[in-house]
Amino acid sequence: MAAHALPRAPAASTALQDKLLLLVALVVGWQFLSLATGPEVLTAPLATVQRLARLMAAPDFAGHAAETGSAFAVALVISLVGGLLLGALLGAHRLSGEVTEPLLVGLYSIPKITLYPVVLLLFGLGMSAKIAFGALHGIIPVILFTMNAVRNIPHVYIRAGRSMRLSPGQMFLRVLVPASLPEIVTGFRLGFSLTLLGTLIGEMFASQRGIGYLLIKSMENNNPDVIVALALLLVVLATAASWLLLALERRVHGRFTG
Amino acid sequence: VDLTVTHFGTGMYGVPFAVAREKGWFKSDAGLDVTGFITSAGGGTTIRNALASEIPYGEVALPAAIAAIQQGVKLTIVHGGVLSVADQVWITRKDDESLRKFGDLKGKKLGYSSPKSVTDIITSVMLQNNGLASSVERKSVGGIGSGLTALREGGVDMTYVTEPVWSKEKGNFRVAWWSTDIAPRVTQTVGIVRTDYLQKNPDVIKGIIAARRKGVEFIKSNPAEAAPIMGREYKIPPEQAKTAIESVLGAKGVYWSRGEFDYEGMEFMLKGLQMVKAIPEGPFDWKTVIDESYLPADLRSKK
Amino acid sequence: MHALGPLDLDLRRGEFFSVVGPSGCGKSTLLDVLGGLAVPTAGTVEFEGQPVAGKVPDGVGIVFQEDASFPWLSVYDNAAFGLRRAGLPETEIRERVEHALSFMGLRGFVKAYPAQLSGGMRQRLCIARTLVTRPRLLLLDEPFGALDQQTRLLMGDELLKLWRDTGATILLITHALDEAAMLSDRVGVMSARPGVFLDLVDTGWPRERDSTIVAQESFGRVTGRLWSTLRAESLKSLASGQAAAVP
Amino acid sequence: MHALGPLDLDLRRGEFFSVVGPSGCGKSTLLDVLGGLAVPTAGTVEFEGQPVAGKVPDGVGIVFQEDASFPWLSVYDNAAFGLRRAGLPETEIRERVEHALSFMGLRGFVKAYPAQLSGGMRQRLCIARTLVTRPRLLLLDEPFGALDQQTRLLMGDELLKLWRDTGATILLITHALDEAAMLSDRVGVMSARPGVFLDLVDTGWPRERDSTIVAQESFGRVTGRLWSTLRAESLKSLASGQAAAVP
Amino acid sequence: MSRAGRIRLVAVAILVLALEVACRAGWVDPVAVIAPSLMVQGAWRLLASGKYTGDMLLTLSNVAIACSLAVVSGFAGGWLLYALPRLRRAADPLLASYYAVPTFIFYPLFIVLFGLNRWPLVAIGFIFAVVAMALNTLQGFERVPRVLRRTARAMRLSTRQEMLQVVFPSCAPYLFTGLKLAIVYSFIGVIAGEFVLSGDGFGFEIAFAYNSFDNATMYGLMILLLGFVGGLNSILYSWERRLYLRRGGR
Ligand SMILES: Nc1ncnc2c1ncn2[C@@H]1O[C@H](COP(=O)(O)OP(=O)(O)OP(=O)(O)O)[C@@H](O)[C@H]1O
Ligand SMILES: Nc1ncnc2c1ncn2[C@@H]1O[C@H](COP(=O)(O)OP(=O)(O)OP(=O)(O)O)[C@@H](O)[C@H]1O
Ligand SMILES: [Mg+2]
Ligand SMILES: [Mg+2]
């Protein structure tokens with residue numbers, strides 16, 4: 001990406017100010033929507049925060065959070081590490097990349113919720129199925145982004161590495177990975193969100209604990225306030241993670257484009 | 001271990017299990033250390049979950065069990081579960097005075113959960129009985145939450161709700177009729193076991209049935225004590241649990257079976273499912289899929 | 001079709017040899033073959049008596065035509081890259097890198113990243129990165145392509161100084177005739193693809209020389225000879241290149 | 001800081017004027033100002049008696065330094081782009097486009113897309129796209145930057161032919177001194193940033209000329225003068241550029 | 001067909017064959033997975049019976065509506081983000097975290113907003129797809145080379161002409177990617193919504209068949225769906241190749 005294509009970075013304080021402004025705008029919009037639909041459909045922002053606080057203070061919440069958290073963590077590691085390795089492999093070996101890419105894109109584009117029975121068959125019930133479902137959602141974008149990143153590495157870097165007599169391991173670690181890092185981080189951001197989504201959907205189908213279970217139970221028990229509170233929690237978590245990754249990406253990218 | 005119980009935490013079917021676990025009867029009768037109950041949306045998923053778990057037993061929806069058996073799944077029905085639809089009530093908006101009797105439904109919109117479900121059967125029978133089949137528009141609302149929303153916003157004029165949600169929402173809507181008014185005896189759930197497991201571990205299943213039976217009997221004799229237990233397990237206020245329990249116990253007929261079967265109620269369900277085309281037409285041989293030998297002797301049907 | 005025709009080239013130890021030729025005639029391919037990055041379809045390459053086969057031999061340093069600086073490393077780390085992989089002690093690395101960077105006029109930029117440098121500065125960084133390994137044979141593929149002509153000639157002076165100081169053998173690929181004429185002991189003129197040497201011009205410059213020789217009469221003679229050999233060749237290459245460009 | 005210093009330039013109708021100068025001295029900025037793409041901080045630009053202000057006047061054609069061919073259009077449609085916008089009849093368009101394309105050596109490529117052309121061919125396409133509009137003033141920003149030196153000189157011959165045929169005024173920006181010396185009636189030498197003219201060299205070539213003049217003695221004199229003015233300037237620019245490169 | 005295409009075909013054929021063998025030999029529980037031949041048979045029966053035509057049309061029309069809306073408003077949104085870079089920077093982390101929330105939990109909200117009809121489902125598909133379109137539009141605008149805009153000015157194009165004849169074609173490949181993703185995401189959104197919530201459509205029928213252990217129907221429906229999405233994808237893919245191959249890597 002050319003440097004001029006990036007919007008000129010405003011001073012850090014303006015950026016923060018803009019974020020706060022956007023936040024205020026969103027909250028106001030939410031408040032209005034809540035007023036228009038009534039609290040029994042969409043809880044107002046303040047009430048939601050209070051509900052969330054109560055929810056999180058409840059003794060069993062830690063268990064639910066830990067359940068989702070641990071499944072998500074494992075799924076995320078599988079998505080990111082597995083996606084990175086597979087993507088690097090498929091990107092480096094052109095033919096296998098060309099063979100698998102359309103299949104991966106196809107798999108990415110089918111509604112994976114319909115694959116649940118197959119997942120249950122392969123992974124049995126419980127934790128492993130949840131993890132598998134989460135990883136299934138997250139790993140494909142990571143593979144695709146990594147693959148493209150590795151493919152687009154300027155060939156001259158590899159030739160330069162060879163001219164310095166690098167071992168294959170050094171080549172991978174010192175040249176291939178850093179050269180494709182910005183795109184990989186972008187893939188990670190998407191992978192993070194989709195893994196979380198997959199884990200939650202997995203929990204909605206067969207579970208007795210976890211945030212996904214709480215969501216589906218609240219749907220069945222008609223507790224919109226809990227649903228909105230949990231959605232808020234998820235948005236905040238995912239946004240924070242995305243922000244962190246974005247900061248990392250900017251740092252890495254900054255070097256690339258000056 | 002975990003046991004599978006359909007709609008645990010959202011429906012009334014699981015209350016005996018909650019009580020039995022709290023009282024330690026699974027430990028004493030079946031030697032099981034039950035850590036929790038797995039539940040899921042959808043009957044088929046529940047059965048699949050049940051069959052895939054460590055103890056391939058579950059109290060599941062009868063329609064799903066019938067479908068599974070018809071598709072060749074090797075499972076055996078070992079006990080009756082919930083024998084009536086006393087937890088299901090049909091409601092209208094509080095201020096809607098126009099719906100006082102079935103006939104008033106003419107030209108109105110009636111919400112039910114989804115095609116080929118129990119609510120589909122109940123509404124079909126109700127409309128047929130009242131000659132309304134062609135003059136009422138039925139709409140699938142998906143679930144209770146969206147049903148109540150639709151009712152509130154006028155998307156439908158009448159919809160269903162089940163316990164214990166109803167006990168929470170009581171103040172906001174008006175009861176029109178109960179499902180038991182249309183069908184007093186409908187077997188909603190049964191206990192199933194994967195057949196190969198059943199043959200190898202008959203005592204575990206017998207123990208689970210016994211523990212559950214104690215739970216049912218305890219609720220009946222001490223509803224006031226059962227309510228807080230249900231409240232804890234279901235994460236709802238004890239008062240709500242209390243009204244819900246009283247509501248299903250107060251209805252006519254048996255709600256929680258101690259394990260015994262109600263063949264008439266099962267036959268109603270079967271016919272109903274065939275009527276809404278959820279399963280193919282044709283006779284269904286209960287004898288080959290039900291094994292009463294794991295029930296305590298006093299609960300087996302008299303031949 | 002082959003990128004290169006049959007050719008025979010014997011670099012003398014310590015000489016400065018340049019290759020000029022029309023675009024696409026196979027100059028870079030020649031460099032790949034000489035450096036061991038590509039295996040020739042037929043024939044052999046030897047370096048210091050050892051055959052070169054599919055692997056860059058120790059003692060050979062290559063600077064590529066494209067910008068090969070690593071954008072994720074600072075200027076300093078870029079220059080130190082090869083030495084670190086080779087596992088040299090950090091003090092030794094520091095010394096060599098600082099020397100090479102200041103030689104290439106990059107002293108003030110050790111902490112910068114390549115994106116903050118101009119194209120020409122990046123190319124100089126790549127040269128520095130190769131120099132620190134102290135190659136006995138230095139292969140340079142149009143290292144000044146990113147520079148304007150003036151800066152190019154100035155850089156040529158630096159390169160000559162370096163060549164004298166280190167005693168290395170240098171093979172320089174370029175398409176700037178004046179550059180080749182000014183810097184080299186010998187200039188090889190390549191034909192259009194498949195490339196073979198059409199002419200080998202001995203310049204006869206003294207070892208001590210700099211860009212002021214461009215004002216000399218003999219300089220005009222050398223460039224004149226190169227230019228006349230190439231004019232016909234360029235026309236040929238232009239015509240055949242146009243025919244081949246659309247698949 | 002300004003990109004350009006104060007400068008005064010009066011192009012004569014029908015003359016061929018070149019601008020040389022170190023990289024970053026403001027040559028492209030000058031072109032933007034002359035063409036009406038940028039408004040000068042102070043001063044005015046006039047074309048045919050009309051002030052040029054923030055808008056490209058009719059009769060001016062610009063070829064940019066970067067590749068500006070439209071990748072989604074075929075070579076033919078690229079070349080016809082400006083004329084179609086102007087609403088010329090299709091037969092007239094066809095005639096002009098075919099003439100311009102064959103003039104630029106792209107006759108065989110009318111159906112090709114820019115991605116199938118080499119960098120130099122794309123640049124030639126951009127020139128053709130501008131030529132078809134028959135500009136009275138042609139501004140060219142390093143149009144041969146993507147070519148090797150030999151091809152560059154050959155293209156220069158073509159440009160001279162064109163200039164003679166159309167009688168247009170041409171302003172050519174380049175950093176190749178020989179190119180400037182060979183093509184121009186006058187050459188302006190710019191200083192390092194902020195750019196001002198250090199020297200204006202009258203070459204005194206006849207209107208009928210081609211690249212063979214590079215072999216003449218007077219050619220060496222012209223380049224020598226350009227080079228000596230620029231050598232000091234390049235050194236300065238190199239040094240200041242280094243200081244300014246890191247923000 | 002390309003070499004990669006042939007290898008892919010062979011690999012898939014081998015996989016399918018292996019599954020077929022495994023199922024026929026009884027190594028796989030038929031309650032979970034049935035032989036591919038039976039799946040195809042199921043799919044054919046569904047098509048022939050016409051029983052599900054209504055459901056399919058409903059789903060497809062929902063997807064079509066959701067997707068068209070997403071493309072139009074995503075384009076507008078992307079433009080807005082481009083025009084307001086400060087907004088874009090502020091919203092950036094939010095945009096990427098967007099997919100973490102299962103949108104169908106807001107179904108009741110959509111019922112209030114749109115009523116009990118197809119629109120809540122369309123809305124779920126829409127909000128799943130719109131962000132992908134917006135982000136790609138934004139990228140497209142950002143990557144129009146500056147020199148092309150300068151060329152437009154040098155040719156004295158009006159702002160409108162510049163937009164239509166230079167900027168728009170220049171970002172076309174990005175818009176196309178946005179379109180492809182919007183189609184995929186609106187499919188995923190609508191089907192997931194139907195799967196969990198609705199009483200009709202493809203997703204519901206799959207869920208229902210799944211719940212009643214009707215594997216022939218379930219896998220049949222899945223194959224049909226796969227065929228739809230896959231077919232659509234490959235049409236778009238080849239279309240894209242035809243359109244943009246000549247444009248090269250840009
Ligand atoms: N990997 C490759 N596969 C096939 N042909 C190639 C490959 N690399 C280069 N070529 C072709 O081989 C010929 C020689 O290429 P090479 O890069 O060696 O030319 P060059 O003389 O270095 O040109 P330039 O002056 O433009 O750098 C060219 O016609 C090019 O198209
Ligand atoms: N949009 C801009 N904003 C700020 N500074 C700019 C801008 N464009 C160019 N400059 C600066 O103005 C100076 C002159 O740039 P210009 O592109 O005119 O140089 P040039 O002589 O054309 O260089 P080159 O030979 O490399 O093309 C440079 O130092 C450049 O960094
Ligand atoms: Mg080359
Ligand atoms: Mg310039």
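**Metal sites, folds and salt bridges**

Biologist: Which residues coordinate the magnesium ion (ligand 4)?

Modeller: Please bear in mind that this is a predicted model. The donor atoms are OG of one residue and OE1 of another, at 1.9 to 2.2 Å. They link distant parts of chain D, one residue being in helix α1 (residues 27-35) and its partner, 37 residues apart, in the loop between β4 (60-63) and α2 (75-86). The coordinating residues are S28(D) and Q65(D).

Biologist: Is S28(D) buried, partly exposed or exposed?

Modeller: The cut-off for buried is under 20% relative accessible area, and exposed requires over 50%. S28(D) has a relative accessibility of 24%, so S28(D) counts as partly exposed. For S28(D), then, the class is partly exposed.

Biologist: At what distances do S28(C) and Q65(C) coordinate the magnesium ion (ligand 3)?

Modeller: S28(C) belongs to helix α1 (residues 27-35) of chain C, and Q65(C) to the loop between β4 (60-63) and α2 (75-86), 37 residues apart. S28(C) is partly exposed at 25% relative accessibility, and Q65(C) is partly exposed at 34%. S28(C) contributes OG and Q65(C) contributes OE1, at 1.8 to 2.3 Å.

Biologist: What distance separates the centres of domain 1 and domain 2 of chain C?

Modeller: The domain assignment gives domain 1 as 1-59 + 136-247 and domain 2 as 69-134. The contact between them takes 11 residues from domain 1 of chain C and 10 residues from domain 2 of chain C. Taken over C-alpha atoms, the separation of the two centres is 25 Å.

Biologist: Which helix supplies the largest share of the nonpolar patch on chain A?

Modeller: The patch is made by L16(A), L20(A), L23(A), V27(A) and W243(A), and covers about 480 Å². L16(A) is partly exposed, with a relative accessible area of 48%, and lies in helix α1 of chain A. The largest share, 4 residues, comes from helix α1 (residues 12-37) of chain A.

Biologist: How many of the 10 residues of helix α3 (residues 43-52) of chain B are buried?

Modeller: The buried members of α3(B) include G43(B), G44(B), T45(B) and T46(B). I47(B), R48(B), N49(B), A50(B) and L51(B) are buried in α3(B) as well. The helix is mostly covered, and the number of buried residues is 9.

Biologist: What pattern of secondary structure does chain E follow along its sequence?

Modeller: Chain E has 10 helices and 0 strands. The pattern is α-α-α-α-α-α-α-α-α-α.

Biologist: Among contacts in chain E between residues at least 6 apart in sequence, what percentage join residues at least 24 apart?

Modeller: The C-alpha trace of chain E spans about 70 × 55 × 35 Å along its principal axes. Of its 250 residues, 56% count as buried. Chain E exposes about 10600 Å², with carbon and sulfur atoms supplying 69% of that area. As for the contacts between residues at least 6 apart, the share that join residues at least 24 apart is 71%.

Biologist: Why does the salt bridge of R165(A) with D58(C) join two chains?

Modeller: The closest N and O atoms of the pair are 3.5 Å apart. R165(A) is partly exposed at 30% relative accessibility, whereas D58(C) is exposed at 57%. R165(A) lies in the loop between α7 (155-163) and α8 (168-205) of chain A and D58(C) in the loop between β3 (50-51) and β4 of chain C, so the chains joined are A and C.

Biologist: Is R213(B), which meets E217(B) in a salt bridge, buried or exposed?

Modeller: The side chains of E217(B) and R213(B) meet at 3.0 Å, N to O. Both residues lie in helix α10 (residues 202-221) of chain B, 4 residues apart, about one turn of the helix. E217(B) is partly exposed at 32% relative accessibility. R213(B) has a relative accessible area of 15% and is therefore buried.

Biologist: Which helix holds both K161(C) and E158(C)?

Modeller: The side chains of K161(C) and E158(C) meet in a salt bridge of 3.4 Å, N to O. K161(C) is partly exposed at 38% relative accessibility, and E158(C) is partly exposed at 23%. The two residues are 3 apart, about one turn, in helix α5 (residues 149-166) of chain C.

Definitions and conventions
Residues are numbered from 1 along each chain as its sequence is written. Chains are lettered from A and ligands numbered from 1 in the order in which they are written. This is a predicted model: local features need pLDDT of at least 70, side-chain atom pairs count only at pLDDT 80 or more; totals for chains, interfaces and linings use all residues. Side-chain values use heavy atoms; hydrogens and water are left out. Donors are N, O and S atoms within 2.8 Å of the metal (3.2 Å for Na, K and Ca); water is not among the atoms, so sites may look incomplete. Buried means under 20% relative accessible area, exposed over 50%, partly exposed in between (1.4 Å probe, protein chains only). Patches are made of residues with over 30% relative accessible area and no salt bridge: like charges are joined within 9 Å, nonpolar side chains (Val, Leu, Ile, Met, Phe, Trp, Tyr) within 5 Å. Accessible areas come from the Shrake-Rupley method with a 1.4 Å probe; for residues, only the protein chains shown count as cover. A salt bridge is a side-chain nitrogen of Lys or Arg within 4 Å of a carboxyl oxygen of Asp or Glu. Domain bounds come from an automatic or database domain assignment. Contact means heavy atoms within 4.5 Å.
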